[in-house]
Amino acid sequence: MEKKLKTYHDFLKKASAHPTPELIKYHKQMLAAFQHERLIHLIVTMFFALFMIIFFIFTTTLFLALSPSLWSNIFCYSAAFITLILFVVTLFYIRHYYQLENGVQKLEELTTKLYSF
């Protein structure tokens, strides 16, 4: 998605020197698609963060509530491992959403330039 956004941004930067009604219509469609993508990734990022917080609380509760034995340790460390995986995935989603958000904001800046001609 980052590559697609950058490619479109470069295209629009060049094409905005001579805007046409077709370009404006195309840009509206593309901007709507990128904004939709941004919204979907925000929702997914928030759900992964929520699941990570829930698993963190669950894991902490397990470590505090269960008495140390082989099976309870396996269960506790498995929950901790799932929490760690969710944490890493959440970090990657936040990075991706950050780049998507900044890319769409750059497109919105070019939108004002496109309409000013």
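Reader: Which residue number does each chain start from, and what pLDDT do local features need?
Author: Residues count from 1 along each chain as its sequence is written, and side-chain values use heavy atoms, without hydrogens and water. Because the model is predicted, side-chain atom pairs count only at pLDDT 80 or more, totals for chains, interfaces and linings use all residues, and local features need pLDDT of at least 70.

Reader: How do helix 2 and helix 3 run, roughly parallel or roughly antiparallel?
Author: Helices here are DSSP runs (H or I, at least four residues), numbered from the N terminus. The axes, lines fitted to C-alpha atoms over the stretch in contact, of helix 2 (residues 21–65) and helix 3 come within 7 Å and cross at roughly 160°. Angles run from 0 to 180 degrees between N-to-C directions; under 35 counts as roughly parallel, over 145 as roughly antiparallel, 65 to 115 as roughly perpendicular and the rest as oblique. That makes the pair roughly antiparallel.

Reader: Which class has 32 residues in the contact of helix 2 with helix 3?
Author: Ala, Val, Leu, Ile, Met, Phe, Trp, Tyr, Cys and Pro count as nonpolar, Asp, Glu, Lys and Arg as charged, and the others, Gly among them, as polar. The contact has nine polar and five charged residues, and the 32 are nonpolar.

Reader: How do helix 1 and helix 3 run, roughly parallel or roughly antiparallel?
Author: Their axes come within 10 Å and cross at roughly 15°. Helix 1 and helix 3 are therefore roughly parallel.

Reader: What is the angle between helix 1 and helix 2?
Author: These two helices are roughly antiparallel to each other. Their axes are 12 Å apart, and the packing angle is about 155°.

Reader: What is the volume of the largest pocket?
Author: On a 1 Å grid over the protein atoms alone, a pocket is an open set of points where a 1.4 Å probe fits, with protein on both sides within 12 Å along at least five of seven lines; lining residues have an atom within 4 Å of a point. Helix 1 (2–15) and helix 3 (70–116) each supply at least two lining residues, and the lining includes Glu 2, His 9 and Lys 106. The volume, the space filled by probe spheres set on the points, is about 190 Å³.
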